[in-house]
Amino acid sequence: MRVRISDDALAVACGADAVAARFAALGHEVVRVSSWGMHWLEPLVEIDGRGYGPVAASDVEAILDGRGKQLAIGVVADHPFIAAQTRLTFARAGKTQPLSLDDYAATGGWVGLERAHDLGAAAIVAEVTASGLRGRGGAGFPAGIKWNTVRLAPGERKYIVCNADEGDSGTFADRMVMEGDPFMLIEGMAIAGLAVGASKGFVYIRSEYPHAIRKMEAAVRLAAPLIAPFEVEIRVGAGAYVCGEETSLLNSLEGKRGEVRAKPPLPAHEGLFGCPTVINNVLTLAAVPFVLAQGAQAYADYGMGRSRGTMPVQLAGNVKYGGLFETAFGITLGELVEKIGGGTDSGRPVRAVQVGGPLGAYFPPALFDTPFDYEAFAAVDGLIGHGGITVFDDSVDMAKQARFAFDFCAAESCGKCTPCRIGAVRGRETLDKVIAGESAASNLELVADLCETMKFGSLCALGGFTPYPVMSAITHFPEDFGPRTQEAAA
Amino acid sequence: MADLYHILAAHDGREGPLLPILHDVQAAFGHVSEEAIRAIALHLNLSRAEVSGVVSFYHDFRRTPDPRTAIKLCRAESCQARGSEALAAEAERSAGSRVRVETVYCLGLCSVGPNAMIGEDLHARLDGAKVAALIGAM
């Protein structure tokens, strides 16, 4: 029998290797595929299209004997979690072997790159611009405009840099692309190379992702003849969160301290080694093969307002049905958390969700009608960032979470600018006083003032966005900053 | 230090070779020593201060050896939401002076936490007993 089991790091962490070994030991052919992204079911076993999960090695015999009914989920592709999605970037998820060039070519791989060769630089950029694709790393800057700046920038040498320093807690879509569909990312980079006249690309992957690093290195070797003369090299980070910021990442690639650079000059004009550089997130580059293969309009047909296409949303934290949910922009936060995610895993009420990683705002259920869209989130003082949603139940202490945001910023600050370097430490100290009940009202005022300075005075999003989790916690959950309300009452 | 010169030679001609070199040195020797910093600086025509500055900037690089094996426990928001803070205390108790418990901010398995990594082996859906067993087996 042919058994399909994911070799994604998450499936492996949940015990997929032992399950695969058990099937193999019993004489069955095991095919290691990418993950469908239904993480609560991992390790997921697929036999003739029907799924079982989560499977332990000790369940294998029961499944083979037809006694595995309590683990059966029916036809995997028809599962409501999958059927409700619009999978453009994750179209191959669960279906192909990540390092099989045959699988990739058989599922529409390299079609976008072929078309890009026919179109030429200006027309590729026009296509990406028309698709409405915006940077998926968090800032949401239109990809086509960035590419055009690099295309028109004078210079013999230009670079494509893929930001795979996915450090935000609650996000794993970049990791899933690299481990599940690495050729798609490489194809996207090669298309970007043609668009701007770059012949070299770097993928900067965080060191906390050893599985993704190995997959990407293998994929780059396999794909090299197909993308030549364009070359891709894998580089490994060294545990600095701030290197997810684009200019810090460029410094790190150059072998320097990962300190943020002041802008201007933009990386598009003076990026890696001073050369014009396209720096895009994994998901941005991974969306490009679809745009080129199916045409800009096919991508732009999805979404709402100025947020076109799809967003691979990541449901994480204390959530019942966690995993990857790719959907057109416009779905509400509440639908994602309550309907798709099924509420909390602990079974307790949802109290808060943090959207967009450690620098994203905390939302109370009262704001669950907010549509998933760059502008709609900005209007309620939040950000969608990289599309991660971390769910917390009612046991969460929001004062502690606000303090953690400062703590994290203090630990990860690159030290280049004062608002971030000093502000995070002072903010933590001041919140400690609030938590201890020391002049809470005046200290919270001080925190708000400090956040204002950090937001507008920091060089990059680390110091600039740390106020989001802090101020949203204070605004939406004032009862957790207790002494303040007591004082106000007095 | 023969290995060090092999490492340096292996990266000749690479653009921006310092981080790849430091990763290899750390993997080979377990830390980046003063002697290694001196040799790297000389080889890349950098000052020792420049190389030291890079080593100290990144959490992954160690200046001094530590013979203990390490477990990296994720304590970022998604794992916090699933109970990592209670786990951290349990891990410290089990580790004693034999195992080093390191904090890592996110392993990208945010829907199945709390998570940990030992070497390159990932472990998900941890609870106190599982962490104690993992550390006991190290």
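Biologist: What makes chain B a chain of domains, and how far apart are the centres of domain 1 and domain 2?

Modeller: In this predicted model, chain B is divided into domain 1 (2-57) and domain 2 (69-136), with bounds that come from an automatic or database domain assignment, and 31 Å separate their centres, taken over C-alpha atoms. Residues are numbered from 1 along each chain as its sequence is written, and chains are lettered from A in the order in which they are written. Local features need pLDDT of at least 70, side-chain atom pairs count only at pLDDT 80 or more, totals for chains, interfaces and linings use all residues, and side-chain values use heavy atoms, with hydrogens and water left out.

Biologist: Why is Ile145(A) called partly exposed?

Modeller: Its relative accessibility is 42%, and buried means under 20%, exposed over 50% and partly exposed in between (1.4 Å probe, protein chains only), so Ile145(A) counts as partly exposed.

Biologist: How do you know that the buried residues of H8(A) line one face of the helix?

Modeller: Those residues are Ala143(A), Gly144(A), Lys146(A), Trp147(A) and Val150(A); seen down the helix axis they fall within an arc of 160 degrees, so they line one face of H8(A), the arc being that of the directions from the axis to the C-beta atoms.

Biologist: What makes the pair Asp345(A) and Arg82(B) a salt bridge?

Modeller: The closest N and O atoms are 3.0 Å apart, and the rule asks for a side-chain nitrogen of Lys or Arg within 4 Å of a carboxyl oxygen of Asp or Glu, so the pair qualifies. Across the interface of chain A and chain B the rule finds five salt bridges.

How values were computed:
Helices (H or I, at least four residues) and strands (E, at least two) are DSSP runs, numbered from the N terminus.
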